[in-house]
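Me: I'm new to reading protein models, and I'd like a close look at the salt bridges in this one. Could you take me through who pairs with whom, and then show me a bit of sheet as well?

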Amino acid sequence: GGSNTVTVLDVVNLRQDRVIKVGSDPTGVAVNPKKNEVYVVNTGSNSVSVIDAEKKAVVATIPVRQRPYFISVSSDGTRAYVANSGSNSVSVIDLNKRRQIAVIGVGEAPGMAVISPDGNTLVVSNRVGGSASIIDAKSDPESLRVRSVLSGCSGATDIAILPDSSKAFVACSG
């Protein structure tokens, strides 16, 4: 985070490939499964850097809400979801247009927002709120809303969703 960079590692030849300058205090990284792009969440500059993986360079910066922490990309590669810890929200990003298209209010200090493999459900861990927000992600961006909040998970952090999208597992670290 302090260097405001992302290091590209060549895992075939076991060496550092290069260092790419991004926004302030990068925390989360995700890859697009359909495009040769990587997305970096910049907590200190309230943005997402878009890296062209072939050029190994930042090609766009997308503003989001306060203190973004984590990013998840849909399996079709069209949307990204960013947990904004400082504004108790999730930014929905249209990756083709490279802009925020919706903001969804969630619980206190969301840490992760993970989209299910089928793209229908977004699960958000609310670290300070001790809960998980469940969002219907297939809705039109203007109508995205929290479907349910499941409490009783003190210090909700990491999330894993089964490949068939039927269950989510949320680590309760508190």
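Reply: Let's start with a word we'll need all the way through: a residue is buried under 20% relative accessible area, exposed over 50%, and partly exposed in between, using a 1.4 Å probe and protein chains only. Keep in mind that this is a predicted model, where local features need pLDDT of at least 70, side-chain atom pairs count only at pLDDT 80 or more, and totals for chains, interfaces and linings use all residues. Residues are numbered from 1 along each chain as its sequence is written, and side-chain values use heavy atoms, with hydrogens and water left out.

Now for the salt bridges. The term means a side-chain nitrogen of Lys or Arg within 4 Å of a carboxyl oxygen of Asp or Glu. Going by that rule, there are four salt bridges here.

Have a look at Asp17. At 22% relative accessibility, Asp17 is partly exposed. One of its partners is Arg18, with the closest N and O atoms 3.0 Å apart. Arg18 is partly exposed too, at 37% relative accessibility. Asp17 also forms a salt bridge with Lys56, and there the closest N and O atoms are 3.2 Å apart. Lys56 sits in the loop between β5 (47-52) and β6 (57-63), while Asp17 belongs to strand β2 (residues 15-21), so this pair ties together parts that are 39 residues apart in sequence. (Helices, H or I with at least four residues, and strands, E with at least two, are DSSP runs numbered from the N terminus.) Lys56 has a relative accessible area of 27%, which means it counts as partly exposed. Through shared partners, the salt bridges join Asp17, Arg18 and Lys56 into one network.

Another salt bridge links the side chains of Arg15 and Asp10, at 3.5 Å from N to O. Here Arg15 is partly exposed at 43% relative accessibility, whereas Asp10 is buried, with a relative accessible area of 15%.

Now the bit of sheet. Four strands make an open sheet in the order β11-β12-β13-β14, with antiparallel pairing. Two strands pair if DSSP finds at least two bridges between them. At the edges stand β11 (110-115) and β14 (146-151), each with a single partner strand, so one side of each has no neighbour in the sheet. Zoom in on β12 (residues 121-126) and β13 (residues 131-136): this antiparallel pair has six bridges.
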